[in-house]
Amino acid sequence: MEKLTPRQITSLHDHLLRLGLAPALVDELLDHLACELEQRLQEGLSPETALNQTLSEADGGAVRHLQETYRRELTLSDAELEQASLDDIVFQFRNKAYGAYDLRRSYPQALRESILLGVSLFVSFLFLIQTPGPATRLTLLSLLIWTVFTQTHLGRSSVRALRNAWPLP
Amino acid sequence: MELAGTDFLRGTLKTIVLNLLADRRRMYGYEITQAVKEKTKGDLVLTFGALYPVLHKLEQEGLVLTESEEVDGRLRKYYSLTPTGSETAIQKFAEFEHFITVMRTLLQPPPQPSIG
């Protein structure tokens, strides 16, 4: 099958941008129109006619219809809004799979754990330099290790990984 | 009969897309419109305006996963079902069949009472 030239792809892309298509849809619709254009070229239409037909099919009206349907379908319903967090609302029309959504959602937990860990490290350090005797130090150290491995996500997941890698009877 | 703009289609679009993905594992948008066109011999034509909102909605609901790949100088977005998506595909298909049966019994003319 004949491939489209970069120029043909660019003119489709420009057309979509001119119509003000939402960024979330541009790449996908570009591929869609490019496929249609290829199909028309394969059917034997001249490059110019094929391009014009493809562009006229994706005119302002069709694209507006797409955007309206998109808004309607993807807007959270009232019931969903009641349950939604601020992150859900912020990411309503954004790519959640990219990673920022997960990072933001796990942020409160990460913050809690780092404060817990920071404070316990600091306090242990103070005690360690103040208290003599190996027994107290050992107790403090084991308390610290216990905190890390049971109270933080990082610790729990490493314990789980260790268990999987080295199954105990 | 032109089915593209009817109300029936709007309610069944998710069922169509989910079940196509269950058959073919991984598809991109244009491929879905072509598959629908071929299977129905042109009776059903999905416009991009109807298809992409549904695909993105399914993604938002966690029923499909997407992967983007570069093909011939442009990005192509492939869709595939998540485990929940597979279950939903089966469930929606069953619901639709049930709906058809109910509609048929509802709309069929009642049998003529026979004198006997």
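This section describes a predicted model of a complex of chains A and B. The predictor gives the complex an ipTM of 0.82 and a pTM of 0.66.

Chain A is helical. Nine helices and zero strands were assigned to chain A. Along the sequence its pattern reads α-α-α-α-α-α-α-α-α. Of the 169 residues in chain A, 14% are buried. Among contacts in chain A with a separation of 6 or more, 45% join residues 24 or more positions apart.

From the N terminus on, the order is α-β-α-α-β-β-α. Buried residues account for 26% of the 116 residues in chain B. Residues 24 or more positions apart supply 51% of the contacts in chain B with a separation of 6 or more. The average pLDDT of chain B is 86, and 94% of the residues score at least 70. Among the elements of chain B, H1(B) has the lowest mean pLDDT, 87. The highest mean, 94, belongs to S1(B).

Helix H1 of chain A was examined in detail. H1(A) covers residues 6-18, 13 residues in total. At 1.5 Å a residue, the helix should span 18 Å. Its end C-alpha atoms are 18 Å apart, which agrees with that expectation. The buried residues of H1(A) are A:Gln8, A:Leu12 and A:Leu16. Viewed down the axis of H1(A), these residues fall within an arc of 75 degrees, so they line one face of the helix. Just after H1(A), A:Gly20 adopts a positive phi of about 75 degrees.

The three strands of chain B form an open sheet in the order S1-S3-S2, with antiparallel pairing. S1 and strand S2 (64-71) of chain B are the edge strands, and each pairs on one side only. In general, strands of a sheet pair through backbone hydrogen bonds, either parallel or antiparallel. Eight bridges join S2(B) to strand S3 (residues 74-81) of chain B. Within this pairing, B:Ser68 has B:Lys77 of S3(B) as its bridge partner. B:Thr66 stands opposite B:Tyr79 in S3(B). The hairpin of S2(B) and S3(B) has two residues between the strands. In this hairpin, B:Asp72 takes a positive phi near 45 degrees.

S1(B) and S3(B) are joined over two bridges, also in the antiparallel sense. Here B:Met27 has B:Tyr79 in S3(B) as its bridge partner.

B:Arg26 lies in the loop between helix H1 (7-24) and strand S1 (27-28) of chain B. With 12 other C-beta atoms within 10 Å, B:Arg26 counts as exposed, because the cut-off for exposure is 12 or fewer. Not counting residues up to four places away in sequence, B:Arg26 touches B:Tyr78 and B:Ser80. B:Arg26 and B:Leu81 are 55 residues apart in sequence, yet 7.9 Å apart in space, C-alpha to C-alpha.

The contact between the chains takes 21 residues from chain A and 19 residues from chain B. On the side of chain A that touches chain B, the elements giving two or more residues are H1, H2 and helix H4 (60-74) of chain A. H2(A) provides the largest share of this side, nine residues. The residues of this side of chain A divide into 13 nonpolar, three polar and five charged.

Key:
Residues numbered from 1 in each chain as written. Chains lettered and ligands numbered in written order. Predicted model: local features only at pLDDT ≥ 70, side-chain atom pairs only at ≥ 80, totals over all residues. Helix = DSSP H or I, 4+ residues; strand = E, 2+ residues; numbered from the N terminus. Buried ≥ 20, exposed ≤ 12 C-beta atoms within 10 Å, placed from the backbone. Contact = placed C-beta atoms within 7 Å. Expected span 1.5 Å × (residues − 1). Arc of directions from axis to C-beta. Nonpolar A, V, L, I, M, F, W, Y, C, P; charged D, E, K, R; others polar. pLDDT = per-residue confidence, 0-100. Pairing = 2+ DSSP bridges.
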